[in-house]
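Biologist: Thanks for sitting down with me. Could you walk me through this one, a piece at a time?

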Amino acid sequence: MQTATELLEVSEPQNTADATGRDRAVEEIARRCSVRAERGRRFAELTSLRVGGVIDWLMLPETEEGAACVAGALEASGLAWRVLGAGSNVLADDREHKYVVLSMREVKGGASFDGDRVSVSAGFSLPRLCVEAARQGLSGIEGLGGIPGTVGGALWMNAGAYGQEIGQVVESVRVARAGRVVEVPGGEVKWDYRHTSFKEGELLLGCTLRLKPDDPEQIKARMEEAKRKRFATQPHGARSAGCFFKNPPGSGISTGKMIDEMGLKGERRGGAVVSPVHANFIVTEGEGARAEDALRLAEEIRERFRREHGIELEYEVELWGADRESSQEGVGFQVPGAGEEKPTPDTRYPTPSVEGGEK
Ligand code: EPU
């Protein structure tokens, strides 16, 4: 297994040989699916950590059908691609990313309520959905109101906070398969701690949640309480990707508390700092901050954790390496189809959440 550091040290991608052919293919897909395609955007402007290099092509569908069309066409063409939501759980490295980023940010439509159900697209803001559900007197996601991500990112990683996880209330998820929108029952998905059974080759397009009717004032009060706790215990207004590492599963141990007890709050490498508010947050500061700074700091924390506690910390944020040559190597909140297991944080690209993270 490669570590994050090793992954960042691998050579530049080799899929530059037929750049012209790739450009033509992307432009043709954009035309065919009627979506915008842009060059020269940077992860630094598209992720909450505000670091990361140039993106070869960014594709921006506005509808679920458009996104499914793009995903199908990219898959068929063999072009490498990844899916990005709000970028709130992704640390992309500083190099040039020679693959297509399919941004779901614009696939947001409106949340459509019907009794105790709500249907919403992947790019819709999770905090906004929580507020709208509370207004409708629907309970089940009020604890997630402070997670700054998209619905798609939350689904991909089964985002959770304050005793609630989105997977608990999913009736069905719409995914892209072979260019089409397919509905998958929530019961067929495995919803684990910050991890799901969604796999590569499918893209999450939206979902229908089934919530529980309750008094809107009480739901709102619980949501405010969750946000208050979050504000008191986690950095806000800072450039972060939520918690950087998972809590060791089944242990009841808070990674943040342990990093705090190791005296690492405020520890800095370049423009990356262990948050003085919550030690499981790495925040970036200043114009010169780089992904490399955050990774170096994270790897040093992992190393110390291994040495002092014998625990291998697993990344909770997704680490996106620039090297990616075919669509078979993907990570992101692409989902399944091909039966291939979704890589976990410290395997392929030692990991990326769509907070995701608390996102
Ligand atoms: N604590 C410290 N020092 C710290 C951080 C925490 O002493 O620097 C103590 C707290 O005072 C508390 C205990 O550790 O007594 C637990 O802290 P907290 O309630 O913040 O929970 P956590 O386990 O650190 C998890 C999630 C958060 C989620 C909160 C609330 C993970 C990795 N983290 O944090 O999720 O918001 O519970 O539900 O599962 C995220 O997913 O990105 C995230 C931040």
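Modeller: Happy to; what follows is a set of questions and answers on a predicted model.

Biologist: Let's begin with strand E15. Is strand E15 (residues 202-210) largely enclosed or largely open?

Modeller: A residue is called buried when 20 or more other C-beta atoms lie within 10 Å of its own. By that test, seven of the nine residues of E15 are buried, so the strand is largely enclosed.

Biologist: Now to helix H5 (residues 126-135): within what arc do its buried residues fall, seen down the axis?

Modeller: The buried residues there are Leu126, Leu129, Cys130, Ala133 and Ala134. They line one face of the helix, because, seen down the axis of H5, they fall within an arc of 135°.

Biologist: And which helices are among the elements covering those buried residues of H5?

Modeller: The cover includes two strands, E7 and E8 (138-139). It also includes two helices, H6 (151-157) and H7 (216-233).

Biologist: How is H5 oriented relative to H7?

Modeller: Two packed helices are described by the angle between their axes and the distance between the axes. For H5 and H7, the axes are 8 Å apart and the packing angle is about 150°. An angle over 145 degrees counts as roughly antiparallel, so H5 and H7 are roughly antiparallel.

Biologist: How many charged residues are in the contact of H5 with H7?

Modeller: From H5 come Cys130, Ala134 and Arg135, which meet Pro216, Ile219, Lys220 and Met223 of H7. Sorted by type, these residues give five nonpolar, no polar and, lastly, two charged.

Biologist: I also wondered about Tyr162. Which residues does Tyr162 touch, not counting residues up to four places away in sequence?

Modeller: Tyr162 sits in the loop between strand E9 (160-161) and strand E10 (164-165). It is partly exposed, with 16 other C-beta atoms within 10 Å. The C-alpha atoms of Tyr162 and Ala226 are separated by 6.8 Å, although the two residues are 64 places apart along the chain. Leaving out those sequence neighbours, Tyr162 touches Gly143 and Ala226.

Biologist: Asn158 has a positive phi without being a glycine. Is Asn158 buried or exposed?

Modeller: Asn158 lies in the loop between H6 and E9, and its phi is about 50°. With 22 C-beta neighbours inside 10 Å, Asn158 is buried.

Biologist: Where is Arg194 found?

Modeller: Arg194 is another non-glycine residue with a positive phi, near 50°. It is buried, with 23 other C-beta atoms within 10 Å. Its place is the loop between strand E13 (191-192) and strand E14 (195-196).

Biologist: One last topic, the open sheet of three strands: which strands stand at the edges?

Modeller: The order is E17-E18-E19, with antiparallel pairing. Strand E18 (residues 272-274) joins E19 over three bridges, with Val273 opposite Val283. An edge strand has a single partner strand, so one side is left without a neighbour in the sheet; the edges here are E17 (268-269) and E19 (282-284).

Note on methods
Residues are numbered from 1 along each chain as its sequence is written. This is a predicted model: local features need pLDDT of at least 70, side-chain atom pairs count only at pLDDT 80 or more; totals for chains, interfaces and linings use all residues. A residue is buried if 20 or more other C-beta atoms lie within 10 Å of its own, exposed if 12 or fewer, and partly exposed in between; C-beta atoms are placed from the backbone. Helices (H or I, at least four residues) and strands (E, at least two) are DSSP runs, numbered from the N terminus. The arc is that of the directions from the helix axis to the C-beta atoms. Two residues are in contact if their C-beta atoms, placed from the backbone, lie within 7 Å. Axes are lines fitted to C-alpha atoms, for helices over the stretch in contact, and angles run from 0 to 180 degrees between N-to-C directions. Angles under 35 degrees count as roughly parallel, over 145 as roughly antiparallel, 65 to 115 as roughly perpendicular and the rest as oblique. Ala, Val, Leu, Ile, Met, Phe, Trp, Tyr, Cys and Pro count as nonpolar, Asp, Glu, Lys and Arg as charged, and the others, Gly among them, as polar. Two strands pair if DSSP finds at least two bridges between them.
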